[in-house]
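Thank you all for coming; I would like to walk through a few places in one model, moving chain by chain and keeping to what can be read from the coordinates. Please have the sequence and the structure open while I talk.

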Amino acid sequence: MNATVVRLTYRALLGGRRAWLLLLMSVLLLAMAVLLRVTVGVDHQVTADFLGAVAVAALVPLFGLIVGTGVIGPEIDDGSIVYLLSKPISRPRIILSKFAVAAVGTVLFAAVPTFVAGLVMSGTAGRIALGFGAAALVASVAYSAIFLLLSVVTRHAVVYGLAYALIWEGLLGSFVPGARTLSVQQWSLSLTEAISTRDLVSSDVRLAVAGVLLAVVIVGATWYAGQRLRVLSLAGEE
Amino acid sequence: MTDSPAGVIHDIGYRKYDGPRLGRGRVTRALYAHSLRGAYGLGRSARAKVLPMLLLGVMCIPAFVIAVIANVASGVTTELVLPYSRYVVVTQGILTIFVAAQAPASLSRDLRFKTVPLYFSRPLERSDYVLAKFGALTTALFLLIAAPLLIMYIGALLAELPAGRETGDLLLALLGAVIFSAVFAGVGLVIASLTARRGFGVAAIITVFALSFAAVSALQGIIRYEVDDPTLAGWLGLLSPITLADGFQTWVLDASSSAVAPPPGATGGVVFVLVTFAVIGACWALLNLRYRKVAVS
Amino acid sequence: MPVIQTEELTKRFPSTTALDQLTIEVEPGVVGLVGANGAGKSTLIKILLGLSSATSGRASVFGLDVTAEGPRIRERVGYMPEHDCLPADVSATEFVVHMARMSGLPADAARERTADTLRHVGLYEERYRPIGGYSTGMKQRVKLAQALVHDPEIVMLDEPTNGLDPVGRDEMLALIRRIWSEFGITVLVTSHLLGELERISDHVVVIDGGRLLRSSSTSEFTRTSQTLAVEVSAEADAVGEALAAAGLTVKREGRLLVLPLDDDEVYDLVRDAVAAQGVGLIRLEQGRHHISEIFGEDQGGAAR
């Protein structure tokens, strides 16, 4: 990892409208958690439903998308990546540095608020907050890796990433049982199932399998992104 | 190119243009047509066509299925499996992707390459530009919604369902489609106009639409069923473009609601209508404001 | 009848004053607007086009007020901005046709005139390729084409030679001159390179810091001054003394001896002095003024 690349990346990420959008969404999540706590009281099923549907299924993938594409996408788009590529830093190292920023960023903006929302709604009972926080954590890291790879491979990473997040994980996941075994959401929810003591969340994937798949995806995507960056060509538009 | 065929240029010479010069109205229409075609990738590279056409296809597939079912099972069913007006809410993901991809494609290009001053140094006013772009994307979305509805309608007619009823339902649904299109297009364009980076525009639009819908639905579900407060749940529908337009449709066109909780009562309905128009108007105003600043770069 | 007229035109920004009480009149022809970077040239054009609004003062194009009759002015004006403004993924033809239609040309006329205009600016087979792959020279030509395609009565070119190599610059300048001399379209062209405007303009307006320094015809600026510059191979001092002894006021400017040219006798005196010294005569040149002298003369920036 290279400290300068890390520094430049996180400053670019936090320096603009992207950061405001992310902050706004995190704040809204917390606001909703508070609203629910006030209107519903403490109801663990509600907590699980809410965090499952809003945080893990929507917020985390979207944040992973915004941050994962945001750490390298704009640079490739306007061509300024050449400055980085012409420095004596190995391409995998560049990717690793950017991945670090993306993972930490997504965790901070998505996973931590999820955990806090869980605390707000259910306190520490049943380790629900912890369970969902952990799920959001691994999902954040996984999505960061996936979307970072997509950004290196195609200039339309955002659209393809959205298609993946919405169609694969969302639509298909509900209709096609097999698809669920290959869903980052399900892998992370298996973690929740394992951690929380209440029987509120069930995942279609066993913890061991999920763990392995997560590790494979995270490491594999990051490694492959490094390889693809080696052969990156800056073509014209579209 | 100092050996450029000066002889050729002298031979033909420069011709003055004495033909008609169309006014603002026609020019705006030309920009509208250009943007509408661009929304479906026509007139651009082949790659630009892939996504919109794919989305159009995916949008129509369920409609085909429904039409086929209506014909095959015409002995058993007396109506379409899915009402016309609910189709748009069920397929909202596709609409969202379309807006997210095409709103930035429409605006961000001109912003990024700073082509905007070239437009405004012509007899085109800022409001004309906004009107053309807003109108074009609204129309594009309307076509996206109307196509599958027409397919279902034809299927219904072929299955000899009551023509009068089906036509009535279709027309109401098309009216609702106009509102959906305008709201989606407006919100999408406002977000897109804030950034010259197309990728970020796409992500921001999706986030606003998808997240707001996921959040509002979840909250509505919880509040309606677990707290048993359908009124509050209904009001929450104002907070996401999808549920807002659906609420409008439910109340004004007496459509069947697809949201978790419909607008609460008559007051709710009226408020939904007012807010819908206010949102469309606000988007219009914001876009005009945005382009007032942009041209002076 | 003046094509452009401004009266006490002022544009203030929070941090600077871009234009300060500018009052000029521009007649048909090629008008060069000269000034250093940031002198206010682009701001003036933007105000004339209605892209920006003045803080105070008035401006009119074709006798029409820019604030009241903007759209009517813009129907007859072409604009070539200084900055990059071309989308990278369309071809020159597509882009210029689109711009022609945005200027109010019907579709067929737009296509026809695009083909003509692109030929006039010197773009041939390249016009079908995406603009993203063009060289700077080609891009400048496309920018110029979109300004000309709708047959305007006046075109405003903001730094059209930016980024061009010397050959490209010469070609662009020749093209600009042709726009007036052959096409009959008045041209307002800005530059911070004084030399090139001398070559092609009929009239030059010099502004500095938003203020008018001078506005007059090019011939006035560069009229031959009544001086003679003499350069000899050696012994310049001795030649100078000889000429002074003959009654001429001699000034030394480096290696040159500058003499006032009152009548033809001076030439004979020079010949004699040089022959008497037995040196070689390298150069005998009538002096000419340059636009750059304006900036030297009026360092105080007083408007004239």
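This is a predicted model: local features need pLDDT of at least 70, side-chain atom pairs count only at pLDDT 80 or more; totals for chains, interfaces and linings use all residues.

Residues are numbered from 1 along each chain as its sequence is written, chains are lettered from A and ligands numbered from 1 in the order in which they are written, and side-chain values use heavy atoms, with hydrogens and water left out.

Helix H1 of chain A covers residues 3-14, and its twelve residues reach 16 Å from the first C-alpha to the last, close to the 16 Å expected at 1.5 Å a residue. The expected span is 1.5 Å times one less than the number of residues, and helices (H or I, at least four residues) and strands (E, at least two) are DSSP runs, numbered from the N terminus. Which residues of H1(A) are buried? They are A:Val5, A:Thr9 and A:Leu13. Seen down the axis of H1(A), the buried residues fall within an arc of 60°, so they line one face of the helix; the arc is that of the directions from the helix axis to the C-beta atoms. Those buried residues pack against helices H2 (17-40), H3 (44-70), H5 (81-85) and H6 (91-122) of chain A, contact meaning heavy atoms within 4.5 Å.

Staying in chain A, A:Ser122 lies in helix H6 and is buried, at 5% relative accessibility. Its side chain makes a polar contact of 2.9 Å with that of A:His44 and another of 2.5 Å with that of A:Thr47. By a polar contact I mean a pair of N or O atoms within 3.5 Å; within protein, one must be able to donate a hydrogen and the other to accept it, and residues adjacent in sequence count only if both atoms are side-chain atoms. Leaving aside neighbours within four places in sequence, A:Ser122 is in contact with A:Val42, A:His44, A:Thr47 and A:Ile128.

Now to chain B and its aromatic rings. The structure holds eleven aromatic pairs over all chains; rings of Phe, Tyr and Trp (its six-membered ring) pair if their centres lie within 6.5 Å, and planes under 30 degrees apart count as stacked, over 60 as edge-to-face and the rest as tilted. One of them joins B:Phe120 and B:Tyr129, edge-to-face at 5.6 Å centre to centre with 75° between the planes. B:Phe120 is buried at a relative accessible area of 2%, and B:Tyr129 is buried at 0%. The rings of B:Phe120 and B:Tyr291 have centres 6.5 Å apart and planes at 75°, so this pair too is edge-to-face. That pair links distant parts of the chain, with B:Phe120 in helix H6 (residues 116-120) and B:Tyr291 in helix H12 (residues 265-294), 171 residues apart. Ring pairs link B:Tyr119, B:Phe120, B:Tyr129 and B:Tyr291 into a cluster. What lies over the face of B:Phe120? It is B:Arg126, at 5.1 Å from the ring centre, a charge being over a ring if NZ of Lys or CZ of Arg is within 6 Å of the ring centre and within 35 degrees of the ring normal.

B:Tyr291 comes up again beside B:Ser193, which touches B:Leu107, B:Leu111, B:Leu287, B:Arg290 and B:Tyr291, not counting residues up to four places away in sequence. B:Ser193 lies in helix H8 (residues 163-193) of chain B and is buried at 1% relative accessibility, and a polar atom of its side chain lies 2.8 Å from the backbone oxygen of B:Val190.

Finally, in chain C, helix H3 (residues 92-102) is mostly covered, with eight of its eleven residues buried, among them C:Phe95, C:His98 and C:Met102. What covers them includes helices H2 (24-39) and H6 of chain B together with helices H4 (107-121) and H5 (136-148) of chain C.

Terms used. Buried means under 20% relative accessible area, exposed over 50%, partly exposed in between (1.4 Å probe, protein chains only).
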